[in-house]
Amino acid sequence: MRAKATTDESTDAGERSAPRRSVIASIAAGAARRWQATFAVMIVVLIAGVSAFGFGLDREGFPPINTPISVVSGTYFVDDAEVVDQEVIVPLEAAFSEVEGVISTESIALPSSYSVVVEFESDISSDVGTARLVALGPEVPDGAEILYNPINAAKLVGQYDSLVSIVGPPNATPADFQEQAEQLSVYLAAEGDVGVAAVRELETESIDPVSGATETRLTRFTRVALDSSGYDDAIAIGLIRSETSDLDVLEFSDLIESRLASAESPLDDGFSAAITADFATSVRQQLSSLTTNLLTGLLAVALVSLLLIGWRVAVMTTGFMALVMMGALIGLWVFGYSLNTITLFGLILTLGLLVDDAIVISESIDSSRDDPSPQEDGRRLGVVRTALERVGSASLAGTLTTVVVFSPMLFVGGILGEFIRSIPATVIITLILSFTFSIVFIPAVARVFLLKGGPSNNPIVRGEKVVARAAGRLAAYPWRNGWKGRFTGMGMASVALVAIMAGGMIAGSLPFSIFPAGKDASGLAISAEFPPGTSIEEAQDISDEVDVVILSVLGEELARSQYVRGNERVTETFIDLTPIGSRSTKAPTFVDRIEADFETIVSAYPGLRLTAGQTENGPPLLEYPFATQIEVSDAASIAAGQQLAEDIRDSLQGRQFESGGGTVTVTDAIVSTDGEIARVDGQQIIEVRAQYDEDQGISGILNDTQLLVEEDFPPAEIESRGLLAEAVTFDFGLESDNQDDFAGLIVAGFIALGLMLLLIAIQFRSVAQALLIFMAIPLSFLGVFGALKLTDNPQSFLSGVGFIALIGVAVNNTILLVDSANQQRRAGASAGEAIQHAVTSRFRPLITTTITTVVGLLPLALSDPFWESLGFTLMGGLVSSTVFVLLCFPAFYLGLESVRTPLRNAVRRRRGRPLLT
């Protein structure tokens, strides 16, 4: 019997006193022997998986994300930003800074309102932190309103599961809307699954600090569009599910819709209500996309398996992948996860990895028909044992290395870490189940199904065998063929090295953005910033013109829209478009058209800023992403800081510079704090922001812009203006946080590679062979970065995750080759004979795995832009790695063996052992 694949290849058959039994092969043979029980377990898994998908797993937009932030806001009707700053902001920030766990505060004072953003230590939830601020009970002047709002990044407006909007007759007043909203909120709150039904009030009642009289002002306006017919004035109610509710986002949405449609609704005639913002629509679209693409991928995998191996393997592979998906759903259910954007992302990411397990085990069984193990009584059981002895340990090593490379992502900190943590958890659960199912279920099915028929012998299979033998001969040619062999080997190695360098050069020309703008989206976000001094009535008039532009550009493609903010300073509007794939115009085109039409409005209102963008599955993209802050204190420094801010703005406006291999233009630069007073940790600042004509590679663009500002305004220049040399700082907000967190992800990646190398070295008992196996990673560079370049995708978080998944598949390919060659070396073969046999025997599973992975992921990458960079990273890298592993990797193996063999023979000669050939 063969020894485990991971034992030292220096041991040969003649030196073993007794054959060793492979634990993996024994498990597989046992499952095949008791195939009835194994089939019963399969049925249980299938039923449990369907149950998990049908009613067990909650459907959510995003997983729970601990956002250690609280927003304190309110009104103070003094019509003077300086008074609001000194009488409200300054004492609040001083009080908040003493609260346990507070690490920073940022505030904005407007003429009659204010907001303070309080950030806590990462282990403090927003609810806990907000409760500490409330318990502090800071004093504010009479007439000043103070509201405490915990923030949840996975919620609408940081708080709500859904927004319900009420529209009414044209003559309805804000007071009429508020009366209807109060009635409806009481009606909805009576439902046990509704924890909060908060009216987003249009009018605010406060005390005039001068006269002492009660004053009611319109402080918010809300509009909705339920279809493309137009916008209507409205009032919104924010809904939050009860903590005791067991409804998911889809069930909660259905419940609210049924309550709104009920005859018991308390709304008066002429008023109606509807859900105008929630996650239910996007979750349904994502589930539909996953299901459709999964089925398409399974059919594609079945077709490729049918052509390259046979129809029985095609059926087995397809059924296996579906069963593993069912198992993964059970795992997510058991560990308390939900079906959301992030876990769906993880499930799709594993498609290529599942193909690898299915093909490797199935093909090994199919190709071992003529070599049954004598340790089993029946021929079919013997074939199963032989097959698993050949590839079982290598398959385990591949699974473990992939698990290891994903594991450090579980410990990435910050909001980015919270956001992505479900990805590695989903992948690891799926990988462990995939390997377990592959050594238990596939052998059992093979015994009663695959081995019942003969091997496939169609023309494609016969052609594949011819090519495999030719590839094997080419792999062995450099070994002992004189100068021709050496020249061929050096040529093969040179081709690989050139490909690696070419991939590196392409990578250097690609822009980098952690979360780049998508090529299409299911929604848009429109924002307006009004000039200082604008009244709320004037803001409404300007918004009328904005609405006309939106409706004229989008037409029938507007599904629904909701103003989530609307006051005298800003408006923010969310727009749901018709689904991706159902319309010919993509979201970026709509954005360009809307912004072009906005120019007419902006020219009519000096100081007005209108922006349009598409909503993203990742963090939102800021319209003015670059930000530099100038610290000021007294009147002189404020004047000097304002002048410096204007000079920085003017120096950036229209500026062109090179970044990420292309030319970037600053399309607009503004002093964003005009008309307000901003503070960070009590320190007053003046801020300059800039936007660009390029969204891709934004991380690199921001860093390059910072360098430009630092060159134009060095410390000496800043000091000459009467400011401190360190007065100018750079904080890009969420982008800066993401860059810090992403740096942690890179560190985690290097740790993962180190752990992988250690694991493989232990498995193969050779550091040199572990490094050789790692050659699969750089051999994928040309395909990875070439595919990103050809599809116009930057390097990003998504492509990085795709690359991590690629490492697992690519390294598994070289593990299989080296392991197979080691088995032949232990049997007495020369290095040339060993690599020839390895390439010939492993050719079909490697090619089949690559083609099935590409064919399975291609529909997903082409149908949804969100998955494009991940899909093409995996597909391009796998094709590149497979081609170079089959054609060039043998030269590196033979080169290593030509060095190792004499050294090992010297040791063996002294010990009196047989020499290696």
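**Exercise 1.** Is Phe785 buried or exposed?

*Solution.* This is a predicted model, in which local features need pLDDT of at least 70 and side-chain atom pairs count only at pLDDT 80 or more, while totals for chains, interfaces and linings use all residues. Residues are numbered from 1 along each chain as its sequence is written, and side-chain values use heavy atoms, with hydrogens and water left out. Take the classes to begin with: buried means under 20% relative accessible area, exposed over 50%, and partly exposed in between, with a 1.4 Å probe and protein chains only. Phe785 has a relative accessible area of 13%, so Phe785 is buried. Phe781, at 23% relative accessibility, counts as partly exposed.

**Exercise 2.** Describe how the rings of Phe781 and Phe785 are arranged.

*Solution.* Rings of Phe, Tyr and Trp (its six-membered ring) pair if their centres lie within 6.5 Å, and planes under 30 degrees apart count as stacked, over 60 as edge-to-face and the rest as tilted. The structure holds eleven aromatic pairs. In one of them, Phe221 and Tyr563 have ring centres 6.0 Å apart and planes at 50°, so the pair is tilted. Phe221 lies in the loop between strand S8 and strand S9, whereas Tyr563 lies in strand S13, so this pair ties together parts that are 342 residues apart in sequence. For Phe781 and Phe785 the centres are 5.8 Å apart and the planes stand at 55°, so that pair is tilted. Both of these residues lie in helix H23 (residues 781-790), four residues apart, which is about one turn of the helix. Helices (H or I, at least four residues) and strands (E, at least two) are DSSP runs, numbered from the N terminus.

**Exercise 3.** Which residues form one aromatic cluster with Tyr563, and how do the strands S13 and S14 run?

*Solution.* Begin with the cluster, which is formed by Phe221, Tyr231 and Tyr563. Phe221 is buried at 4% relative accessibility, and Tyr563 is buried at 3%. Turn next to the strands, remembering that two strands pair if DSSP finds at least two bridges between them. Strand S13 (residues 558-566) is joined to S14 by seven bridges, and the two run antiparallel. Within this pairing, Arg560 stands opposite Asp576 in S14, and three residues lie between S13 and S14 in the hairpin that they form. Finally, strand S14 (residues 570-577) also pairs with strand S12 (residues 523-529), in the antiparallel sense and over seven bridges, where Ala525 stands opposite Phe574.
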